[in-house]
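Hi everyone, thanks for making the time this morning. I'd like to walk you through one model, so please have a look at it with me.

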Amino acid sequence: TLKNCYYLSATSAAAAANVTFTDCKNLTDDKMKDSANFVGFDFEGEDAVWKMGTGDYLYPVLIR
């Protein structure tokens, strides 16, 4: 079971593995690349926990 998460709407591996999503939000590829769509994620300041990826990987990256 995955709780309180975001996932790429095109992801089918989870469905094939019988994963249950609770309070999760599926996002399109474009929305996954926009930090504004991740409510509660800390992308700002010295104590930021997340950053947006660069280059070929444009999704959020956990840095702490």
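Let me begin with a definition: rings of Phe, Tyr and Trp (for Trp, its six-membered ring) make a pair if their centres lie within 6.5 Å, and planes under 30 degrees apart are called stacked, those over 60 edge-to-face, and the rest tilted. By that definition, the structure holds seven aromatic pairs. Take Phe-38 and Phe-43: their ring centres are 6.5 Å apart and their planes stand at 65°, so this pair is edge-to-face. Phe-38 and Phe-43 are both buried, and by buried I mean under 20% relative accessible area, with exposed being over 50% and partly exposed in between (1.4 Å probe, protein chains only). Which residues form the aromatic cluster? It is made of Tyr-6, Phe-38, Phe-41, Phe-43 and Trp-50.

A word on what we are looking at: this is a predicted model, where local features need pLDDT of at least 70 and side-chain atom pairs count only at pLDDT 80 or more, while totals for chains, interfaces and linings use all residues. Residues are numbered from 1 along each chain as its sequence is written, and side-chain values use heavy atoms, with hydrogens and water left out.

Now the overall layout. The chain has two helices and six strands; these are DSSP runs numbered from the N terminus, with helices (H or I) of at least four residues and strands (E) of at least two. Along the sequence, the pattern reads β-β-α-β-β-α-β-β. Of the 64 residues in the chain, 17% are buried.

Asn-4 is not a glycine, and still has a positive phi of about 50°. With 62% relative accessibility, Asn-4 counts as exposed. Asp-23, in the loop between strand E3 (21-22) and strand E4 (25-27), also deserves a look: its phi is near 55°, a positive value in a residue other than glycine. Is Asp-23 buried or exposed? Its relative accessibility is 63%, so Asp-23 counts as exposed.

Val-19 sits in the loop between helix H1 (13-16) and E3. Its relative accessible area is 30%, which makes Val-19 partly exposed. Between Val-19 and Leu-2 there are 7.2 Å, C-alpha to C-alpha, although they are 17 residues apart in sequence.

On to charges. How many salt bridges does the structure hold? There is one, where a salt bridge is a side-chain nitrogen of Lys or Arg within 4 Å of a carboxyl oxygen of Asp or Glu. The partners are Asp-29 and Lys-33, at 2.8 Å from N to O. Asp-29 is partly exposed, at a relative accessible area of 31%, and Lys-33 is partly exposed as well, at 35%.

Lys-33 also leads us to Gly-53: their C-alpha atoms are separated by 8.3 Å, and they are 20 residues apart along the chain. Gly-53 belongs to the loop between E5 and strand E6 (60-62), and is buried at a relative accessible area of 13%.

One last stop, and then I'm happy to take questions. Glu-46 lies in the loop between helix H2 (29-32) and strand E5 (50-52), and at 73% relative accessibility this residue counts as exposed.
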